[in-house]
Amino acid sequence: MNTIIKKDFPFFNNNDIVYLDSAATSQKPQIVLDKMQEYYTQYCANTHRGEHELGDKATTEFENSRDYIAKFIGANTDELVFTKGTTEAINFVASSFVKSRFTKVFLSELEHHSNIVPWQLQGLEIVVLPLDKDLNINLEEYEKLLRLNPKSFVSITHVSNSFGIINPIKKLINIAHKYECLILIDGAQALAHLRIDVKDLDADFYAVSAHKAYGPTGIGALYGKYALLESMSPYQGGGSMITEVSFKKSSYLKPPLRFEAGTQAIAEVIGFKAALKYLFTLKQTQKEEDILLKYAKEKLQGLSRIQLYTQAENVLGNISFNIKGVHHNDIGILLSKQSIMLRTGHHCAMPIMKKLGIKGTIRLSFALYNTKEDINKTIQAIQKAIHLLTKNKGDKSASK
Ligand code: PMP
């Protein structure tokens with residue numbers, strides 16, 4: 001967590017912005033931008049088609065990236081399907097796998113809309129797994145529900161984007177398998193912060209987005225156990241996913257290419273690999289991120305009107321709160337005016353906000369380029385904003 005890392009990110013070169021919205025999207029290091037530019041300037045061509053040298057080079061770089069990204073999360077190369085991101089990965093599983101095999105899906109109360117709406121679109125009934133007062137999944141209830149509903153489909157986030165809770169996914173996966181259920185893990189908020197090994201976890205599906213882990217937007221991946229992918233029909237049809245096409249009938253390639261119709265986001269795939277390589281060189285310093293999170297929490301707890309929503313220790317990446325008597329959006333606007341960028345609102349997780357009886361929160365979310373200095377500036381700016389917003393009010397109103 002230091003200014004040395006900040007230097008790797010051109011975004012911070014010419015401004016003194018405090019960026020605390022990395023859970024929405026992270027800034028990108030120069031090395032990622034360079035790799036993408038290298039593709040566009042040196043070997044820009046389409047992949048998996050044509051016979052010319054440039055096409056070969058582009059295909060090799062694309063497939064090398066798949067190999068690296070797969071290994072990075074402990075998967076085999078042919079088990080990694082490129083998607084636009086976590087959202088598309090979940091929509092893909094919902095439409096190509098779950099819809100034809102299940103009638104309902106089990107989700108936690110903490111899910112992002114990307115892990116709610118795709119199931120609804122496919123007409124699946126949603127069964128909600130309850131949380132305890134610190135927003136952890138109640139494991140006894142979870143097991144009880146799956147015992148009563150064996151052979152079901154479960155989909156749960158690894159790390160919550162709205163409250164930073166790290167779910168005990170290895171346990172959740174074990175319990176799911178005990179009752180012959182299949183399980184998808186939404187890893188959107190985990191990739192940048194945790195070592196992921198899909199084989200060790202024994203996840204059936206695992207979805208990620210590059211842009212939250214220092215990579216480009218518009219690219220992500222779905223890991224699926226090969227046998228499951230092999231049993232799935234194509235998500236979309238088009239070029240590069242077929243073996244034979246006639247007007248009567250078409251046949252398809254094996255996974256993962258079966259699921260990658262049309263021209264892919266080639267530069268983004270190459271940038272995705274560069275981002276993970278960069279992350280690897282930093283050794284994913286979760287310990288340093290933890291120190292920053294604890295520091296921020298301590299400082300926030302010193303504010304007199306602070307309202308936090310969990311005291312759980314198993315948190316990472318972000319911290320959500322309200323200031324009693326002040327609307328979260330007003331704080332966001334005033335902080336933005338002081339060059340502090342953070343997110344306010346429901347964070348695409350309306351159900352958990354409703355459960356807590358609030359419309360939204362103020363969220364600080366961290367990446368490796370954040371520093372204690374960033375936190376200090378933010379706390380000062382929040383104090384200034386509170387002062388401005390409450391100077392003509394009493395101290396009585398509650399933030400709801
Ligand atoms: N799940 C979680 C937990 C997220 O935080 C996000 C992004 N905010 C998504 C899914 C969706 O990711 P994307 O927008 O990259 O598809």
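This section describes the sheets, the ligand site and some backbone features of a predicted model. Local features required pLDDT of at least 70, side-chain atom pairs counted only at pLDDT 80 or more, and totals for chains, interfaces and linings use all residues. Residues are numbered from 1 along each chain as its sequence is written, and side-chain values use heavy atoms, with hydrogens and water left out.

An open sheet of 7 strands runs in the order β2-β8-β7-β6-β5-β3-β4. Its pairing is mixed. Strands (E, at least two residues) and helices (H or I, at least four) are DSSP runs, numbered from the N terminus. Two strands pair if DSSP finds at least two bridges between them. β2 (80–83) and β4 form the edges, each pairing on one side only. Neighbouring strands of this sheet are turned by 20° against each other on average, direction ignored. Such angles are taken between lines fitted to C-alpha atoms (for helices over the stretch in contact) and run from 0 to 180 degrees between N-to-C directions. Strands of a sheet pair through backbone hydrogen bonds, either parallel or antiparallel.

Strand β3 covers residues 104–108. It is largely enclosed by the rest of the structure, because 4 of its 5 residues are buried. Buried means under 20% relative accessible area, exposed over 50%, and partly exposed in between (1.4 Å probe, protein chains only). On one side, β3 runs parallel to β4 (residues 125–129), with 5 bridges joining the two. S108 stands opposite L129 of β4. β3 also pairs with β5 (residues 153–157), again in the parallel sense, over 3 bridges. Here F106 has V154 of β5 as its bridge partner.

Further along the sheet, β6 (residues 182–186) and β7 (residues 205–209) are parallel and share 3 bridges.

The ligand is surrounded by 13 residues, the closest being T87, D186, Q189, S209 and K212. A residue is counted here if one of its heavy atoms lies within 4 Å of the molecule. The shell divides into 1 nonpolar, 10 polar and 2 charged residues. In this scheme Ala, Val, Leu, Ile, Met, Phe, Trp, Tyr, Cys and Pro are nonpolar, Asp, Glu, Lys and Arg are charged, and the others, Gly among them, are polar.

Several polar contacts were found, a contact being a pair of N or O atoms within 3.5 Å (within protein, one must be able to donate a hydrogen and the other to accept it, and residues adjacent in sequence count only if both atoms are side-chain atoms). A polar side-chain atom of D186 lies 2.5 Å from a ligand nitrogen. An N or O atom in the side chain of H112 is 3.1 Å from a nitrogen atom of the ligand. A polar backbone atom of T86 is 3.4 Å from a ligand oxygen. Taken alone, the ligand exposes 400 Å², of which the protein buries 87%. Accessible areas come from the Shrake-Rupley method with a 1.4 Å probe; for residues, only the protein chains shown count as cover.

A further open sheet has 4 strands in the order β11-β12-β15-β14, with antiparallel pairing. β11 (306–308) and β14 (343–345) are its edge strands, each pairing on one side only. Its neighbouring strands are turned by 35° against each other on average, direction ignored. β14 and β15 (residues 361–365) run antiparallel and are joined by 3 bridges. R343 has R363 in β15 as its bridge partner.

Some backbone features lie in loops. Most residues other than glycine have a negative phi, and most peptide bonds are trans. The bond between P255 and P256 is cis, with omega about 5°. P256 sits in the loop between β10 (250–252) and α10 (266–281). D202, in the loop between α8 (198–201) and β7, has a positive phi near 65°. It is partly exposed, at 31% relative accessibility. Phi of S339 is also positive, near 65°. S339 belongs to the loop between α12 (328–337) and β13 (340–341), and is partly exposed at 26%.
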